[in-house]
Amino acid sequence: MKTKRRMPLKNFIKRNGRMLVGGTIIAVLIIMAVFAPYIATHDPDAYDYTNRFDLPSSEHLLGTDTHGRDIFSRMVYGTRISLLLGFGVNFFAVVVGAFCGILCGYFKKVDAVLMRIMEGLHSLPTTLLAMVVASVLGPGIEKLMIALVVTALPGVCRMTRSQVLSLRQKEFIEVEKAMGASHLRIMLLHIMPSCSHYLIIRFCTGISGTILSAATLAYLSVGLDPTIPNWGATIADGQGMFLVYPHMILWPGIWMIVAVFGFIFFGEGLRERLDPRLK
Amino acid sequence: MENTEKKVIFKVRDLKQWFPLKRWFFEKKAYVKAVDGVSFDVYEGETLGVAGESGCGKSTLIRSMLRIIEPSDGQLEYDGTDFRSVRGKSLQRKRCDMQMVFQDPYSSLDPFWTVGSTIEEPLIINKIYKTKEERMARVRELMQQVGLDPSYVDRYPHEFSGGQRQRIVIARALATTPKLLMCDEAVSALDVSVRAQILNLLEQLQDDLKLTYVFVSHDLSVLEHICDRIMIMYLGKVVEIGTKEDIFHNPTHPYTKALLSAAPTVDDDLQQEEILLEGDIPSPVKPPVGCRFHTRCPYATEKCKEEPPVVDCGNGHLVACHYVGQID
Amino acid sequence: MGKFLVKRILSLIPTVFISMAIIFFLMQALPVDPIHLMYDTEDMTDAQVQELEEKHGFDDPAIVQYLRYMKNVFKGDWGNSLFSKEPVFQAIADRMEPTLLITFFSTILTMVVAIPAGVFAATHRNSPLDYTISASSILFDSVPTFWLGLMLLYIFSFKMDIFPLDGYKLIEHYGWGEALKSLVLPCFALGMGHVAGLARQTRSQMLNVLSADYIRTARAKGLSERMVNYKHALKNTMSLVVTIVGGSIGAMLGGSTVIENVFNIQGVGKLAYTSLMRSDYYQEQGIIMFITLIYAGMNILLDIVYKKLDPRIEL
């Protein structure tokens with residue numbers, strides 16, 4: 001009953017424009033992260049005190065920082081951390097959060113306990129919570145990831161839970177019970193797919209937030225060793241003399257804006273795409 | 001279709017389904033008494049209708065009977081054996097014998113599953129047939145039985161109309177070759193023209209597969225079409241039960257009379273003076289003492305504040321009223 | 001109304017309890033022994049350190065310590081800073097002014113920019129302006145707050161010399177004018193991050209409302225478009241908007257940490273950061289509790305406003 005038509009190119013772009021643009025930016029970032037050694041023009045950790053605070057030039061595409069390191073290379077390598085955190089944190093947040101949300105929505109007893117904890121977590125200011133967890137766990141990217149996952153969990157859990165609660169009213173779940181389907185079966189095969197739509201979108205749209213949060217924490221020197229190239233630290237590093245040499249902050253900031261914009265744009269496009277199709 | 005020897009396939013005795021209300025610690029415990037002591041028999045091969053207004057407990061009743069919600073109290077007996085205490089594998093086996101058909105064809109099917117998988121699922125859960133081919137053969141057979149083209153096996157629910165979806169739901173219900181089918185407003189959400197088709201299908205299936213139906217509906221005309229016996233419920237209790245003829249031509253309980261008088265019929269014989277009831281349905285949290293209906297009954301007296309007796313008017317026509325036969 | 005308030009406040013308590021428990025136990029897990037922070041332990045023997053630990057109750061199980069802490073909190077004793085030995089609450093009170101002002105004005109700023117933008121975008125749907133607003137809102141979302149703050153400092157404080165460069169000026173000492181002046185940039189930086197989200201939500205809620213039947217009725221009645229928009233649609237949109245604003249406030253309270261660092265403002269947020277760096281966990285706990293309580297209180301207030309706006313919900 002459904003026919004597929006070939007869409008003219010103009011329409012295709014109009015419909016999927018956001019995903020295309022966003023997707024291109026994301027692709028570029030991924031390539032940068034993977035092939036960083038080939039794309040970076042210099043060694044990102046190489047101190048060069050004879051060339052501090054250099055303005056952008058053909059030698060140093062974005063100039064050099066307080067220690068004479070090439071900013072462009074540091075941003076390229078920094079992409080690794082940002083993408084790793086972005087994908088990693090959201091992956092775990094979505095998986096664990098969905099798991100908790102489904103359990104909460106399904107079992108009243110679990111709900112009473114777990115949701116209380118989630119609410120408790122949710123009422124805490126996110127930046128501070130992340131900072132505290134990161135401080136407790138110590139420096140290191142895995143630990144920072146855990147801290148960020150902790151802040152993201154309650155939101156995912158709550159949303160999934162409400163989806164599950166509204167699904168439980170649907171009759172096909174009652175039928176499953178009448179058929180004698182096990183709880184596990186219902187949760188995995190029936191409830192999960194209905195939530196998947198939200199979860200996928202949450203994964204994509206969450207990446208931008210994670211990158212910003214991670215950069216903010218790095219800027220405050222929390223959680224990551226500041227000598228490892230990452231976006232936040234680059235900006236923090238440039239803070240000292242930026243009034244005189246604003247390039248140290250300007251270009252890294254714009255870089256970040258473009259990157260985050262790519263993710264948000266892609267996520268928006270994806271959401272539009274998935275939404276009306278479903279019904 | 002009545003046999004002189006009627007076998008009881010399902011017995012319900014004093015079934016109660018009370019739902020606790022959330023209360024702060026200093027407030028008294030309160031319950032929604034959705035089903036408050038219901039007893040009746042279901043005979044093999046018949047279609048028993050359950051009628052009543054919204055909130056009378058009929059939907060809760062069949063869910064309790066199938067133990068989708070565990071009853072708060074009472075006995076359930078299926079095919080001579082106790083159904084309430086059964087667990088695990090034997091519960092599973094008994095469950096295959098009774099299935100449900102729900103009202104809303106749009107929410108009865110998982111939108112993410114193909115029609116074929118949906119009908120197949122009960123076979124997988126109950127481990128009927130060992131191979132996929134066998135299962136799918138059965139699925140196709142079922143689809144044909146309900147009047148669906150088996151080639152639609154890989155389509156999704158949203159590609160079908162309401163009536164077709166209901167057929168899918170029925171096919172799924174039949175997968176485990178049940179003996180008893182509980183229908184909760186199975187045709188209420190369908191267009192009138194489609195309704196007749198589905199009702200006819202159900203009748204056909206009953207003949208072909210020797211099924212017993214318990215059919216819940218608020219629509220008396222539907223019940224008149226398909227049922228052998230009808231049970232009238234009000235606020236969690238049964239007020240009258242009898243054959244179709246008895247109920248429609250000789251309604252005895254005041255509530256039944258009011259219900260029938262409000263239903264528009266084409267049949268002049270049945271057209272009566274409309275009896276208007278006063279007041280609203282009381283809350284099931286605090287139902288009236290004694291006869292639940294006495295607060296709105298035009299014939300109520302002081303005596304009605306006592307629990308009414310169940311009077312047998314002959315031929316299985318039972319009425320719960322103090323004044324049976326004394327009201328014209 | 002009274003009953004509602006009481007119920008809400010009561011339901012708050014367990015949540016705060018759990019929130020603080022989480023923080024407390026996290027802080028217990030910090031790899032720092034508080035005795036070493038409170039006293040100069042260089043020359044002490046282990047026995048002396050042990051004695052001090054017992055004296056302060058640090059060797060009790062964590063739960064006992066937590067309950068003791070909460071009991072004290074209720075009595076008004078929030079503990080003393082491990083660093084400065086000053087009462088925790090006093091330190092917070094001293095620094096409340098800029099933080100609360102920033103949060104307040106940022107919220108106002110966000111609302112003033114976002115809500116009209118959202119309303120406008122909704123009423124002029126699919127116009128070029130709508131697209132511009134939608135596109136720029138995504139852009140706003142992408143900007144890191146701390147970077148924006150730095151850039152604003154550079155442009156407006158350094159180059160154009162309009163706003164002060166060196167932190168917050170207390171009202172007490174410099175008067176309202178100077179104080180507010182020093183807050184303009186931080187508020188702007190903090191607020192802009194939330195403008196996009198609020199504008200988007202306002203727009204979509206307004207669109208929902210505008211397509212409702214009662215709006216068609218109002219138009220059919222002959223009401224001018226303007227009246228329709230403002231009298232009917234806006235009021236209904238506001239109730240949802242109020243909820244979102246609540247969420248923003250919470251985020252801003254937390255975000256104050258970053259902004260205060262960027263602008264070198266001696267507010268609660270900055271103290272939170274420095275306390276954490278110093279492992280001054282009594283102070284840190286106090287601050288987090290303070291922020292959490294304010295956020296919760298704010299939500300209750302907003303709930304009341306929400307219910308006043310939406311007559312369907314009974315108080």
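This report walks through the overall build of chain B.

## What you're looking at

This is a predicted model, where local features need pLDDT of at least 70, side-chain atom pairs count only at pLDDT 80 or more, and totals for chains, interfaces and linings use all residues. Residues are numbered from 1 along each chain as its sequence is written, chains are lettered from A and ligands numbered from 1 in the order in which they are written, and side-chain values use heavy atoms, leaving out hydrogens and water.

## Overall fold

Chain B has nine helices and 12 strands; helices (H or I, at least four residues) and strands (E, at least two) are DSSP runs, numbered from the N terminus. Its radius of gyration is 21 Å, close to the 20 Å that the globule rule gives for 328 residues, so chain B is as compact as a globular protein of that length. That radius is taken over C-alpha atoms, and the rule is 2.2 Å times the number of residues to the power 0.38. Along the principal axes, the C-alpha atoms of chain B fill a box of roughly 65 × 55 × 40 Å.

## Inside the chain

Of the 328 residues in chain B, 54% are buried, meaning under 20% relative accessible area (1.4 Å probe, protein chains only). Now for contacts, which are heavy atoms within 4.5 Å. Among chain B contacts with a separation of 6 or more, 63% link residues 24 or more positions apart.

## Two domains

Chain B splits into domain 1 (3-97 + 180-320) and domain 2 (112-177), with bounds from an automatic or database domain assignment. Where they touch, domain 1 of chain B gives 14 residues and domain 2 of chain B gives 13.

Definitions and conventions. Buried < 20%, exposed > 50% of the residue type's maximum accessible area, 1.4 Å probe, protein only.
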